[in-house]
Amino acid sequence: MENQILIPQSALDFLQLLKENNNKPWFEAHKQEYLTELNHIETFAEALLHELSKTDVMETKSGKKSVYRIYRDIRFSKDKTPFKTFWGGSYTRATASRRGGYYFHLEKGNSFFAGGFWGPNAADLKRIRAEFDHDPESFQKILNSKTFRNTFGTLQGEQLKTAPKGFDINHKAIDLLRFKQFLIIRRFSDDEVLSPQFLGQALETMQSMRPFFDYMSEILTTDINGASIL
């Protein structure tokens, strides 16, 4: 792996300056600096995609296409600052049989890699809960594995305060049934982000998501009897 590909200190410093000067005149005056730092992020994202593609089938075509635009959509937001103050991006897995997606967020004091299901639709949520009702142990085994706990800690996401409709509050898997989102997150310090080892750590983090993704992909592409719905 090309561990010499780094996130430079200047990439995080630029974001800090942008946060303090979040307006179009300042940004236009520093556009070349932005493009220089963006190139660093795109190069890193390309290297990460290259390595990730060795063990997963990706729809995202390039690191450049994975990186989000810096411009905010302010049409329906009370916050009218025009620019994002983080580097963000995502990788999409290919075909309907591979569910879940990878996300990265780089920002001074707030960098993380994440994956999962931010807003599952009603049908997917119903199918996931049906599986938890039928066999919670298989998913609990993934969450309790040493790799998962050391990398991500616990499953995260918005939860109901009570039992979902149709389920008993005393259900043995009520802690899973309450989830409305299914997110796994690993946070990184600034020193880790700037380290020569960060590319390898980022790849390892994404690869550690695979048992979670594989589980969700299997149940979301089959019915409760295990028959394919694709």
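**Close-up views of a predicted model**

**Figure 1. The largest pocket and its lining.** In this predicted model, the largest pocket has a volume of about 400 Å³. Strands β1 (87-92), β2 (101-106), β3 (111-117) and β4 (182-188) are the elements that each give two or more residues to the lining of this pocket. The most is given by β3, which supplies five residues. In total, 19 residues line the largest pocket, and those that lie nearest its centre are Gly101, Tyr103, Gly115, Gly116 and Trp118. By type, the lining residues comprise nine nonpolar, seven polar and three charged.

Figure 2. A polar contact of 3.2 Å joins the side chain of histidine 105 to the side chain of tyrosine 103. When residues up to four places away in sequence are not counted, histidine 105 touches Phe86, Trp87, Gly88, Asn110, Ser111 and Phe112.

**Figure 3. The largest cavity.** The structure contains one cavity of 30 Å³ or more. The space within the largest cavity is about 30 Å³. Its lining is formed by Tyr68, Arg69, Ile70, Lys84, Phe86, Trp87 and Gly88. Four of these lining residues are nonpolar, one is polar and two are charged. Phe86, Trp87 and Gly88, listed here in the lining, are also among the residues that histidine 105 touches.

**Figure 4. The largest nonpolar core.** In soluble globular proteins, nonpolar side chains tend to be buried together. The largest nonpolar core of this model has 59 residues. Within this core, the residues that touch the most other members are Trp87, Tyr91, Phe113, Phe139, Phe182 and Met216. Helix α3 (residues 31-52) provides the largest share of the core, namely nine residues. Trp87, named here as a member of the core, also belongs to the lining of the largest cavity.

**Figure 5. Threonine 205 in helix α10.** Threonine 205 is located in helix α10, which spans residues 198-207. The relative accessible area of threonine 205 is 0%, and this residue is therefore buried. Apart from its neighbours within four places in sequence, threonine 205 is in contact with Phe113, Thr151, Phe152, Arg186 and Phe188. One of these partners, Phe113, is also among the core residues that touch the most other members.

Key: Residues numbered from 1 in each chain as written. Predicted model: local features only at pLDDT ≥ 70, side-chain atom pairs only at ≥ 80, totals over all residues. Heavy atoms only, no water. Helix = DSSP H or I, 4+ residues; strand = E, 2+ residues; numbered from the N terminus. Buried < 20%, exposed > 50% of the residue type's maximum accessible area, 1.4 Å probe, protein only. Contact = heavy atoms within 4.5 Å. 1 Å grid on protein atoms, 1.4 Å probe; cavity = no way out; pocket = protein on both sides within 12 Å on 5 of 7 lines; lining within 4 Å. Points joined across faces, edges and corners; volume = space filled by probe spheres on them. Nonpolar A, V, L, I, M, F, W, Y, C, P; charged D, E, K, R; others polar. Polar contact = N/O pair within 3.5 Å; in protein donor to acceptor, adjacent residues only side chain to side chain. Core = buried A, V, L, I, M, F, W, Y, C linked by side-chain atoms within 4.5 Å.
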